[in-house]
Every structure is written in structure tokens, then in C-alpha cells.
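Please review the following briefing on a single protein chain, arranged by topic for computational work.

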Amino acid sequence: MLVKYLKTLLPSSALTLALAACGTADNPQPPYGVAWGEDIRNETEAESVAVVAKAEPAPTPTPTIDAQTAAARDELATRLEAIGEEFGGSMGIAVVDVDGDWSTGFNENKLLPQQSVSKTWVSLTALLMAEQGQLDLDAPIRVSREDLTLFHQPIRGEILRDGAVETTMGELIERAIQQSDNTANNAILTRVGGPRAVRRMLDVQGLEAIRFGPGEKPMQSAIAGLKWRDSYSYENNFFTARELVPAQVREEAFENYLADPVDGATPLGIARALGRIADDKVLSPEGAEQFLTIMANTRSGPRRLKGARADGWVVSHKTGTGQFWKGQQSGYNDVGVLFAPDSSPYAVAVMIGRTERPTIERMEMMQSVTRAVIAYHEALPANEDS
């Protein structure tokens, strides 16, 4: 499972070689007439986008374990509790030992904002559709000024310079995950069928305790007390408009988002979802290898979880960072799968809902979680002498 491919860390552009052959449909229109951009988080109507068959049930946990494994688990649980208590505030940690079918954490069932972590589910939807022949990852896509969003979007400069960027779905996935490019992510979201398709994928795959919001543009506007306008994608128009929002309105919008985030998820929900991907229970084995290799090449957050990786370890991860208001940040996250030198996978989610702590302290806290996972792996019976 994910041994040879992740060890060699082939260039993530190989995605199109392995998965594009599975897709035959054209990209420009959403499948089956699904509407885009709707905030239908609580919808119960039947969905029209079926990406894969219903996910298989979770395996039954092993009833007994040896004393050394039990001690290692107790130590990890204690360390995570201490990390969470020391950092304080609104945050949560979850670790899933995928091979051991065991999890632990701190506030692991707390609903917290995902921010750009949600790009994971957009790209996952596209890859599943490609495996089902509903998307061609190599089909040409034209990303233009109409696709522009806000905040971090490296592709924006290319679009403004050339008028548009000719690309593919496979390349957009790499940009969205590795660079956390909001416009690339929005282009994918549009072409897979919008928020409804992503929510449907989460439901069909049994990826629980993960919400998907209305999309970056309406969500980020609402957090700032605004309603999205296309003009916000240009120059500094969004920031200018945000500065004009009355403080009371801005604060109420910020607090409402944190109290019930439309893109909220629990650390345990995310860790379990990533664990299922690593265990080949969502994508095909080839698709999982490709996706986790793309995540291993993520450029954002090099000093978060990845900052404490030891020799021989691979960290496939996705970061998320939210807006500021009065010195507080709404969401500062890193989630991923940590692969030990023997390829044992550990799914990890560290999520900060609201914090005033300096960035260096947030990164140090996340690195301490990585070190705790490494220590846990080395304490297991099969690895104690490694």
C-alpha cells in the first residue's frame, strides 16, 4: 500500500498518465445539469451525481492488543492531550493509526473551520469522477478572468497577463493542492458540478463529520460581512470593501462563522477520511498513490506538520488558513498522512479554530504532533529497534 510510489516521489504531473485514461467525458459543463454555487449544506433531496458505489463499512476493531502496543497508545494519547492543553483555545488534534485501526486525539470531535483544507475534497471529487469515466483529466480547460476568485491565487498573474490560461484538470488539481490556489480550486469545483457534487461525494464515500461550504467566493465574503460581487476579484476591491464594513457587522459575521462554520469538520472526521484514502478505500490503489504524491509535494506550510518529519518519513498534507479580525485568525490548519520509513500510514489532523498565538508557536505545536506520531511508531513492537 503506497510503498513504492511514495518512496520514489515521482513528479505529480504523472497524475494524468495513470488516471486520465479512466476519463472520457468533456470538462466544461457540470455533469447531469447540477447547479453551481448553492449553499445547500443541509439538503436532503436525492442527488443526481453518482461518483462511485456506496463506501464499504469500517472494519471491526481488533478486540485485544499486546501490552507494548497498549503502552504506546497510552503514551501517544497522553502526549496529544498535553499538547492540546498547553496550546489552549479553540483547537483539536486527531491521529489515526491506519494499519492498527485505532485513533486518539484532543478535542477530536470538535467542529472547526477547514478553510483551504476543503480543497482536498474538491480534488478528490474530480479524481473519483475521472476513475468513473465522467471527467478527462487531460482535456483542455481555459481558465479566464471569469474564474478569478480572491486571496491566494498564483494563477491570477498569468490570467491577467495573457487573458486566460490553457490548462487541464490534472494541472489544476496540482495547483489547487500544492499551491493552495483559490482560482484553480474554483475552476475544478465549477467543472465537477459545484458544492452539491462535493457534498454528494462525501456522503457516498461515508466521509463523515465533514461539511462543504458554498464555495470560496461566497464564504469568504460572508465571513467579512459582505455579499460577493465579481468586482472583488480585481485589484484591491475586496479589501477596500471589507474595510468599509461597519465593525459591528464585521464582528458579528466573524463570530457567526466560528460558531457554526459552513465548511466545518472535526479533526477525527478528516483524519479518518485521509486514512481511508491511504487504505485504498476511496480511490483505486493507483489513484490513491497519485493523489497522496501530489499532497507530498505541497509547498504551503513547510514548517507545520512537515517541519518535524524525520529521515525516511513522507508527509502528504494540505494546509488551511483563514481571515483575521482584531488580531484573531479564523482557522489555521494542517492535515495529512505521515508515512513512516516502512510505509506505515498515520492520518493526522491539527486544526486551530481561533487563535491569537504567534505563527511560530502554532507551527511548533503542529511539529510537536508530528514528533509524537514518530515516537509512537518507533515504540510499537515491530519498530522498537529501528
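Of the 386 residues in the chain, 58% are buried, where buried means under 20% relative accessible area, exposed means over 50%, and partly exposed lies in between (1.4 Å probe, protein chains only). This is a predicted model, in which local features need pLDDT of at least 70 and side-chain atom pairs count only at pLDDT 80 or more, while totals for chains, interfaces and linings use all residues. Residues are numbered from 1 along each chain as its sequence is written, and side-chain values use heavy atoms, with hydrogens and water left out.

**Overall composition**

- The chain has 14 helices and 10 strands; helices (H or I, at least four residues) and strands (E, at least two) are DSSP runs, numbered from the N terminus.
- Contact means heavy atoms within 4.5 Å; among contacts between residues at least 6 apart in sequence, 74% join residues at least 24 apart.

**Strand E9 and its partners**

- Strand E9 (residues 328-339) is mostly covered, with 12 of its 12 residues buried.
- Strand E7 (residues 314-321) runs antiparallel to E9 and is joined to it by 8 bridges; two strands pair if DSSP finds at least two bridges between them.
- Within this pairing, Val 315 has Leu 338 of E9 as its bridge partner.
- E9 also pairs with strand E10 (residues 345-355) in the antiparallel sense over 10 bridges, and Gly 336 stands opposite Val 348 in E10.
- The hairpin of E9 and E10 has 5 residues between the strands, and Ser 343 there takes a positive phi near 75°.

**Strand E8 and Phe 324**

- E8 and E9 run antiparallel and are joined by 2 bridges.
- Their hairpin has 2 residues between the strands, and Lys 326 in the turn has a positive phi of about 55°.
- Phe 324 lies in strand E8 (residues 324-325), stands opposite Gln 329 in E9, and is partly exposed at a relative accessible area of 43%.
- Not counting residues up to four places away in sequence, Phe 324 touches Arg 250, Phe 254, Gln 329 and Arg 362.

**Positive phi in loops between helices**

- Most residues other than glycine have a negative phi.
- Ser 180, not a glycine, has a positive phi of about 55°; Ser 180 sits in the loop between helix H6 (169-178) and helix H7 (182-192) and is buried at 9% relative accessible area.
- Glu 235, also not a glycine, has a positive phi of about 50°; Glu 235 is in the loop between helix H9 (216-223) and helix H10 (237-243) and is exposed at 66% relative accessibility.
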